[in-house]
Amino acid sequence: MLDSFGVLGLGRPDGQVYAALVIAPQSTADEIATQCGLTLQQGHAALDRLAEQGMITRAPVDRERYLAVAPDVAIGTLIGHREAQLRSARAEMHRLMDAFREASRFTDPAHSVEVLTGGEAIAQRLEHLVETAQYQVRGFDCPPYIQDPMANLPRQRQRLKAGVRFRTVFDKEAVAWPGRLEKEILVGVADGEEARVRPVLPMKLMMADDRMAIIPISVGDSVLDAAYVIHPSALLQALDGLFEAEWERAVPLQAAIGDGDDGLGPEDDQRKLLGLLAAGLTDESIARSLGWSARTTQRRLQTLMRQLGATTRFQAGMAAREKGWL
């Protein structure tokens, strides 16, 4: 335990004194010094440092006695400080590595691609990518996921407010992810994210400006704990072109959530339904995405097709476009 205190930046006498107070609350400085094998002066000095860090307090009745603050609070605070220091150091490491690769890529092509292993390392690099983007973040979003896909919304909203442009092409299964459309995707769109949908995407991808891309490595429906990080190179330029081509072919999500010009247009639910149909989602995926039952989905599809005078989905899509609903 005392070694763990050292990792958290707490010297051995201080950690020893804190642990002694946890075991023997309301001890005096003399008692603590004796128990820890310290001089009285060393005991007082350790108690003073612990008090400054908020890890101990004086007893309310007898001020010559001391109490340890609950370990989950005292040690949790130390852990929080150290985690903040580590995040700062990691961000600086990534910044220096970016500069190192930029300087090396013309002489050593091996620096153009790196492989990350471990879900935590991948998540940290994705966070770094978003936080260091200067003007644009682009991505292909499709399952399976390394982490909860809705966990990144707060960070994205901060970057949108900072003026960074976000463009995302969602796979139809990403849009159909239970609760995600209403709780995250539409929230992001309302904040300024530009979103489109494709029935199938070639890969998972996230790009920052024109300087970095991350491709999680997956096989079938399983995500491996690895990812490629692509730095400025011909490969990164190819990924840039691939994204823009898929973006042009994708259906704007705004087609599913846009406001009609007048009361003759479709209702909100109908507009969402049309957009998801145009994106190629199946009835089952639409039901999951909008939180409807299979029966409700079928009923609303039939009502919409009757309203459009269509007998097939293709005809419904054409009629909706003619009416300006898509």
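**Reading helices, burial and backbone**

Tutor: Start with a pair of helices: α12 and α14 are roughly perpendicular to each other. Angles of 65 to 115 degrees count as roughly perpendicular, under 35 as roughly parallel, over 145 as roughly antiparallel, and the rest as oblique. Before we go on, note that this is a predicted model: local features need pLDDT of at least 70, side-chain atom pairs count only at pLDDT 80 or more, and totals for chains, interfaces and linings use all residues. Residues are numbered from 1 along each chain as its sequence is written, and side-chain values use heavy atoms, with hydrogens and water left out.

Student: At what angle do α12 and α14 pack, and how far apart are their axes?

Tutor: First, the idea. Axes are lines fitted to C-alpha atoms, for helices over the stretch in contact, and angles run from 0 to 180 degrees between N-to-C directions. Helix α12 (residues 268-278) and helix α14 (residues 294-308) pack at about 90°. Their axes are 11 Å apart.

Student: Which residues of α12 and α14 meet?

Tutor: Contact means heavy atoms within 4.5 Å. From α12 come Asp269, Gln270, Leu273, Leu274 and Leu277. They meet Arg300, Leu301, Leu304, Gln307 and Leu308 of α14. By class, the contact of α12 with α14 has six nonpolar, two polar and two charged residues. Ala, Val, Leu, Ile, Met, Phe, Trp, Tyr, Cys and Pro count as nonpolar; Asp, Glu, Lys and Arg as charged; the others, Gly among them, as polar.

Student: Which residues of α12 are buried?

Tutor: Buried means under 20% relative accessible area, exposed means over 50%, and partly exposed lies in between (1.4 Å probe, protein chains only). In α12 the buried residues are Gln270, Arg271, Lys272, Leu273, Leu274, Gly275, Leu276 and Leu277. Eight of the eleven residues of α12 are buried, so this helix is largely enclosed by the rest of the structure.

Student: What about α13 and α14: how do their axes cross?

Tutor: The axes of helix α13 (residues 283-290) and α14 cross at roughly 110° and come within 9 Å. That makes α13 roughly perpendicular to α14. Asp283, Ile286 and Ala287 of α13 make the contact with Thr297, Gln298 and Leu301 of α14. The classes are three nonpolar, two polar and one charged.

Student: Now α7 and α9. At what angle do they pack?

Tutor: Helix α7 (residues 153-161) and helix α9 (residues 180-191) pack at about 5°, with axes 10 Å apart. They are therefore roughly parallel to each other. On α7, the contact uses Leu153, Gln156, Arg157 and Leu160. On α9, Lys183, Glu184, Val187, Gly188 and Asp191 take part. These residues divide into three nonpolar, two polar and four charged.

Student: Where on α7 do the buried residues sit?

Tutor: The buried residues of α7 are Leu153, Gln156, Arg159 and Leu160. They cover an arc of only 125° around the axis, which puts them on the same side of α7. The arc is that of the directions from the helix axis to the C-beta atoms. On the other side of α7, Pro154, Gln158 and Lys161 are exposed. The cover over the buried residues of α7 includes α6 (119-132), β6 (165-171) and α9.

Student: What should I look for in the backbone?

Tutor: Look at phi and omega. Just after α7, Gly163 has a positive phi of about 100°. Gly280 follows α12, and its phi is positive too, near 95°. For omega, the peptide bond from Pro143 to Pro144 is cis, with a value near 0°. Pro144 lies in the loop between β5 (136-141) and α7.

Student: How many helices and strands does the chain have?

Tutor: The chain has 15 helices and eleven strands. Helices (H or I, at least four residues) and strands (E, at least two) are DSSP runs, numbered from the N terminus. Of the 326 residues, 42% count as buried.
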